[in-house]
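The sequence and the structure are shown first.

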Amino acid sequence: MVNFNTGQIHDLMSKVDNIRNISVIAHVDHGKSTVIDCLATEVSTILPAKAGGGRYMDTHADEQERGITIKSTVIPMYFKLSDDQMEDISTKEHGNGFLINLVNSPGHAELSSEVTAALRITDGALVIVDAITGMSVQTETMFHQALSELVKPVVMINRIDHAMLKAEFSQEKLYQSFARVVENVNFSISAYQGEEATGNPIVSPELGTVAFGSALHGWAFTLRQFAVRYSKQFGINRTKIIEKLWGENYFNATTKEWSTKSADTSGNRQDRAFNMLVLDPIYKIYELAMNSRKDEALAFAAKLDIALTSEERDTTSKALLKVIMHKFLPAAEALMEMICIHLPSPKKAQLYRCDYLYEGPTDDESATGIRNCDPNGPLMFYVSKLLPASDMRRFYAFGRVFSGTVSPGMRVRIQGPDYVPGNRKDLHIKPIQRTVFMVGRGVTDLDHCSAGNIVSLVGIDQFLLKSGTLTTSDTAHNMKTIKFSVSPVMQVAVGVQDPKNLPNLLEGLKRLSRSDPCIHVSVSESGEYTIAGAGELYLEACLSDLENDYARVPIIINCPVVNYYETVQATSSLTCMSKSANKHNRIYMQAAPISDELTKAIEEEEINPHGDAKERARRMANDFEWDSNEARKIWCFAPDDKGPNILVNSTAGIQYLDEIKDMCCGGLQAAAHSGPCAGEKIRGCRFNIMDVVLHADSIHRGNAQIMPTMRAVIYASMLSAKPTLQEPVYLVDVQCPSSLNTSICSVFSHRRGQVIEVNTHSSSMCNVKAYLPVAESFGFTAYLRSATAGQAFPQMVFDHWSTMNGDVTDPADKINAICRAIRKRKGVGENVPTYGKYHEL
Ligand code: GDP
Ligand code: MG
């Protein structure tokens with residue numbers, strides 16, 4: 001680690017061609033923390049902030065206990081390329097020194113919005129994949145997120161030592177395993193990437209975008225290092241030799257000839273060049289060092305031109321192995337080289353990411369500033385998250401300058417997610433107090449910070465909710481807001497033992513919901529405070545933050561419960577009717593399900609209430625089999641004006657109807673938050689207003705008459721349309737020894753799970769993929785571990801909502817039991833009503 005003074009930091013920040021903003025994505029346990037540790041200790045981290053020893057990144061106590069990395073932070077690093085390495089860099093004006101901002105994001109896919117927050121402000125990603133198990137569901141999910149953010153990937157295949165020593169892979173088997181990982185990554189890229197904005201994002205060892213190594217033993221390489229070595233030895237040009245080091249290229253050591261066949265003309269086996277020239281020396285070092293053949297190991301090291309100090313020569317076995325491998329193929333060197341050479345600078349990346357990142361016209365001053373990464377353009381700053389300061393009361397606004405230069409004292413427009421140009425809603429104009437450079441909890445003030453850099457701002461947190469755009473341009477639109485697509489599938493109720501602590505709890509909840517984009521805090525009808533999130537682990541992490549950091553009072557936590565949706569399975573069996581309280585107004589309605597595809601399209605805002613109604617009707621007719629006349633009669637989406645329920649006016653020629661349209665919509669907005677069966681949100685329903693009878697005098701058909709009538713008729717129409725629940729379902733990925741795969745399948749079947757794929761990737765290990773209802777997931781990890789003597793490790797990601805079969809009113813049915821339990825919890829009377837309760841009343 002090297003201390004840089006602020007002058008030097010400013011200098012690095014101004015050399016935008018030599019900046020790399022990168023994220024690291026990996027499946028939990030594939031070695032992300034180890035890789036980051038390795039980089040952070042080998043490369044000059046700017047401003048040491050390693051407080052109290054321990055792991056570099058994991059600043060949260062609960063993270064260290066759990067051994068997983070939850071919160072994102074940034075590590076700025078300084079790396080100098082050699083003149084030889086600089087040959088592969090296209091823009092050289094800014095010299096050999098590089099500033100690499102490594103933005104960490106959590107490995108757990110429950111926290112996927114945190115991943116998006118990190119990806120948004122970075123241009124490249126280091127994807128870490130285990131050599132044996134390859135890409136997991138979660139790596140794939142995160143990988144897709146990276147591609148959709150136009151973030152360019154490079155790959156590190158990690159834990160090779162494990163494959164060599166523990167799994168005893170032969171060289172050829174290891175090669176095949178690498179080839180499969182590369183193929184899967186590229187398959188994933190080609191399946192995903194429609195456009196090629198990032199250039200060609202395919203990764204390949206020959207291009208140098210795939211590294212191989214063992215973070216634990218401190219070594220890694222790309223083919224480039226070996227090509228440099230062998231081009232001297234063979235006297236062949238480097239780019240030529242690199243192609244020979246991968247794929248179907250073989251070298252005959254006796255004849256010294258290259259070939260593309262695994263046997264020569266007389267049928268003698270020839271070795272794959274990769275195995276012979278790349279893997280063989282590595283295997284040899286391992287073999288010699290691990291089998292205490294120290295003298296031979298030292299002699300071999302000398303042959304490879306590895307110079308060891310006398311201290312290093314005194315080590316034995318594993319220590320000796322690490323020393324030799326580290327000198328032979330230093331991990332940080334290979335990874336940094338790969339990052340600097342193959343990942344884009346902000347200047348290069350913003351050129352193609354601009355249209356994706358900016359919501360305004362592609363040619364206004366803000367877009368131009370972003371596209372050119374112009375330090376003199378209008379300020380465009382994206383706040384990707386709020387980081388709590390050490391007092392836990394204030395927050396740093398953490399994010400990236402995309403255009404212009406930010407400095408203390410500057411007055412900026414703070415535009416929240418709901419800001420619309422020309423409007424004052426969600427807009428504040430305030431000065432920035434401080435511009436700071438943060439590593440862990442260490443903070444240094446900067447005079448300014450220019451386009452392309454990642455920085456934290458002080459003094460504006462109270463005007464921001466989670467994320468936002470800061471600008472000096474009056475005409476600027478927002479930078480694209482992060483879509484937090486994680487569904488809150490689980491919730492817990494929280495409270496305090498001592499009522500005098502209640503204000504602290506409320507304040508804490510407020511802070512928690514601001515710092516964390518995917519937490520939903522709400523007050524239930526019975527007055528309970530509930531926190532909803534994407535899963536058990538996620539909620540646990542949030543609750544510990546709440547208790548220790550935000551509220552700082554003892555908190556009572558109830559058992560987590562699963563969230564459900566209410567929906568219907570058929571069209572209402574009759575046209576329901578409800579009367580207003582004064583009996584002068586009647587609304588007639590039928591409910592019906594809408595397709596899964598349309599429901600998702602609405603949730604992803606592909607189909608939304610904005611824009612041209614005719615265009616929307618055309619899409620609904622073409623893609624979702626709606627009658628386009630009906631689609632033009634949509635009154636609203638609900639809840640929150642955008643949810644997956646639709647109100648359709650199927651009437652014609654009714655007097656005064658326009659006057660009550662807003663009230664009808666309002667009625668659905670309210671009802672959609674709380675369905676008739678269990679008070680859960682409604683999803684995937686369409687409500688057709690079939691007829692309306694209204695009092696001639698507007699006094700008798702006001703809001704107080706219409707809204708409750710709407711609610712009643714919505715309930716009646718749902719209850720007569722085979723109502724049911726939708727439950728959240730996880731996709732579970734279990735890694736386990738192959739011998740256990742049948743017992744794991746039976747564990748799933750006991751918990752209403754459904755095994756969808758069993759993938760054997762080596763003779764000893766396999767992956768089982770299955771769907772598992774979230775309701776059955778409590779304690780699943782522990783259960784599976786005990787059932788398999790700790791040899792199986794499941795990973796769960798929320799996958800979809802599944803409609804449950806059955807009858808909500810039948811006491812013998814599971815759905816009925818679920819509804820009754822929810823109703824009891826909410827204190828609304830245990831019996832599920834029938835439509836008669838709301839119909840014709
Ligand atoms: P993360 O969950 O992705 O952050 O993974 P960690 O870095 O915490 O690593 C998970 C486990 O794998 C730890 O026990 C590490 O010691 C181990 N590990 C990481 N890298 C390697 C490696 O290259 N080889 C071996 N054998 N183990 C590794
Ligand atoms: Mg970790």
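## Overall dimensions and packing

Buried residues account for 47% of the 841 residues in the chain. The model is predicted, and every value below is computed from it. In secondary structure, the chain comprises 27 helices and 37 strands. Among contacts with a separation of 6 or more, 73% are between residues 24 or more positions apart.

How does the radius of gyration of the chain compare with that of a compact globule? For 841 residues, a compact globule would have a value near 28 Å, and the 30 Å of the chain agrees with this. Taken along the principal axes, the box filled by the C-alpha atoms is roughly 100 × 65 × 60 Å.

| Quantity | Value |
|---|---|
| Radius of gyration of the chain | 30 Å |
| Box of the C-alpha atoms | roughly 100 × 65 × 60 Å |

In soluble globular proteins, nonpolar side chains tend to be buried together. The largest nonpolar core here holds 139 residues, and the members that touch the most others are Ile157, Ala220, Leu245, Leu335 and Ile339. Helix α11, residues 273-290, is the greatest contributor to this core, with ten residues. Another core, of 55 residues, lies apart from it and includes Tyr564, Cys576, Leu668 and Ala712.

Which residues are in contact with leucine 245, leaving aside its neighbours within four places in sequence? They are Leu223, Phe226, Ala227, Ala273, Phe274, Leu277 and Val278.

## Helix α6

Helix α6 covers residues 137-148, twelve residues in total. At 1.5 Å a residue it should span 16 Å, and its end C-alpha atoms are 17 Å apart, which agrees. The buried residues of α6 are Gln138, Thr139, Glu140, Met142, Phe143, Gln145, Ala146 and Leu147. Leucine 150, which follows α6, has a positive phi, near 55°.

## A three-stranded sheet

Three strands form an open sheet in the order β10-β9-β11, with antiparallel pairing. Strand β9, residues 250-252, runs antiparallel to β11 and is joined to it by two bridges. In one pairing, phenylalanine 251 has aspartate 271 of β11 as its bridge partner.

Terms used. Residues are numbered from 1 along each chain as its sequence is written. Chains are lettered from A and ligands numbered from 1 in the order in which they are written. This is a predicted model: local features need pLDDT of at least 70, side-chain atom pairs count only at pLDDT 80 or more; totals for chains, interfaces and linings use all residues. A nonpolar core is a set of buried Ala, Val, Leu, Ile, Met, Phe, Trp, Tyr and Cys residues joined through C-beta atoms within 7 Å. A residue is buried if 20 or more other C-beta atoms lie within 10 Å of its own, exposed if 12 or fewer, and partly exposed in between; C-beta atoms are placed from the backbone. Helices (H or I, at least four residues) and strands (E, at least two) are DSSP runs, numbered from the N terminus. Two residues are in contact if their C-beta atoms, placed from the backbone, lie within 7 Å. The radius of gyration is taken over C-alpha atoms; the globule rule is 2.2 Å times the number of residues to the power 0.38. The expected span of a helix is 1.5 Å times one less than its number of residues. Two strands pair if DSSP finds at least two bridges between them.
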